[in-house]
Amino acid sequence: MSDTPFGFGLPPEEPDDGDDGKKKGGHGGSQGPANPFGFGAGGPGGENPFAAMFGSLNPSDLGAAFQQLGQMLSYEGGPVNWDMAKDIARQTVARGTADGTKDASVGPAERAAVQEALRLADLWLDGVTSLPSGSGTAVAWSRAEWVEATLPVWKDLVDPVAERVGAAMGDVLPEEMQAMAGPLLGMMRSMGGAMFGTQIGQAVGVLAGEVVGSTDIGLPLGPAGKAALLPVNIAAFGSGLGVPEEEVRLYLALREAAHQRLFAHVPWLRSHLFGAVEGYARGIKVDTAKLEDAVGQLDPTHPEQLQEALQQGMFQPEDTPTQKAALARLETALALVEGWVDAVVHAAAAPHLPSADALRETLRRRRASGGPAEQTFATLIGLELRPRRLRDAARLWASLTDARGLDGRDGLWAHPDMLPTADDLDDPDGFVHREQLDFSELDKMLGEAAGGEAAEGEKGGDKGGEEDGGKGESGR
């Protein structure tokens, strides 16, 4: 995994041999398949692949080129071909995971075990948090069902960045082709939609083989109010840990139920997190040189080569104060959510589960290291959805519990301005013992002021009515 924040591109200290090897051996060198469009440094047009593409074609030949590409990329729609993404995700799930585990429909016994675990988890959480239960239903999903249920949220995450890539594809057009940009941009959108659809589908399919619930990445991926666990992945996760499967299931149910409480009873949290993701995405710029290189290697008979080329990363964060603030906001928000869940779940599990400490450490390491699917999303959308300061946030929430009690700790979720900041994670004791802001008093004062203004308005209206009435009487 990259040490750069959220895995943008390749860090300077990492060798490039692997990437060069891919380009030389597959699609970047002279040993690659014949290129029907004459892309590459040796073709006409120099370094610009679009100049190379159109420099050797007469206008009458453009239709044939578009038709050939259209046979591969017939999609017309948004920046991502989500129908393709879903199909590929389902195909990836059907192939099974690297350890040979296959997906399977959830049976009645597994469904009953999940429902009982989530019911018991909610009961245990009642004693360690002031937030009430947030799940109206408890469900057990197969991997394929997880894919179907979470794709709408992935769409919200990926589409904004995919739009930027589509715009960047138009930016690399040679100047002489601007007049013909209409049909060409349509082709580029189809190409981008197919590319993203394939890559997102593969990543979602791989991730479906890793996740154990609907909130593993710290964002609410499933429908609101629906707590979900994946029995086949829970069994795979617990294999080799030496912990009874019932304990593993209960611990993971506690995490799912704790996330559900937070997202259900902190109404601004979902939009806050997604707003942070979107704000960060707005500051990402596309490496057009890498995009030109990738498109220049396109062979319509081997579309996977374009996808492999783009896996090397083409997103770069802008080094501006606004972008740094967006990064800090996103990292802190993810850390605070995961830290609160970690602290609350540990408090609930420790008295009941002998393996609570071991399971806690296993989950912490799992979230910190991420997996291949998370790295794929980092490459595609410039974002690794994992908290970098989970342990710091968990310690802060635990200290707040000791100093202020459950109500004082959970009351901080009442308003985003009451939450700890990135600086507070550096100095948790300073935040814990700082005088607490009481936003309820401010709301009360504002409400009273608004009520007073309304009363004055009504009084003025009554007085005006009386005066009008007096004039009417005198007039009669």
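In which helix is Thr150 found? I opened the predicted model with that on my mind, and I found Thr150 in helix H6, which covers residues 143-171.

**Entry: Thr150**

Thr150 has 0% relative accessibility, so I noted Thr150 as buried, the cut-off being under 20%. I then checked the polar atoms of the Thr150 side chain and found one lying 2.8 Å from the backbone oxygen of Trp146.

**Entry: Asn81**

From there I moved to a loop. Asn81 sits between helix H3 (59-72) and helix H4 (82-95). Buried or exposed, I wondered about Asn81? Its relative accessibility is 7%, so Asn81 counts as buried.

**Entry: H5 and H9**

Last, I turned to a helix pair. At what angle do H5 and H9 pack? I read about 60° for H5 (residues 108-125) against H9 (residues 245-265), with the axes 8 Å apart. I therefore wrote the pair down as oblique. The crossing of H5 and H9 is right-handed.

I listed who meets whom, too. On the H5 side I have Ala113, Val114, Ala117 and Trp124 among them, and the H9 residues they meet include Arg249, Leu250, Ala253 and Arg261. Sorted by class, this contact of H5 with H9 holds 13 nonpolar and 4 charged residues, with no polar ones.

Terms used: Residues are numbered from 1 along each chain as its sequence is written. This is a predicted model: local features need pLDDT of at least 70, side-chain atom pairs count only at pLDDT 80 or more; totals for chains, interfaces and linings use all residues. Side-chain values use heavy atoms; hydrogens and water are left out. Axes are lines fitted to C-alpha atoms, for helices over the stretch in contact, and angles run from 0 to 180 degrees between N-to-C directions. Helices (H or I, at least four residues) and strands (E, at least two) are DSSP runs, numbered from the N terminus. Angles under 35 degrees count as roughly parallel, over 145 as roughly antiparallel, 65 to 115 as roughly perpendicular and the rest as oblique. A crossing is left-handed if the near helix is turned anticlockwise from the far one by less than a right angle, and right-handed if clockwise. Contact means heavy atoms within 4.5 Å. Ala, Val, Leu, Ile, Met, Phe, Trp, Tyr, Cys and Pro count as nonpolar, Asp, Glu, Lys and Arg as charged, and the others, Gly among them, as polar. Buried means under 20% relative accessible area, exposed over 50%, partly exposed in between (1.4 Å probe, protein chains only). A polar contact is a pair of N or O atoms within 3.5 Å; within protein, one must be able to donate a hydrogen and the other to accept it, and residues adjacent in sequence count only if both atoms are side-chain atoms.
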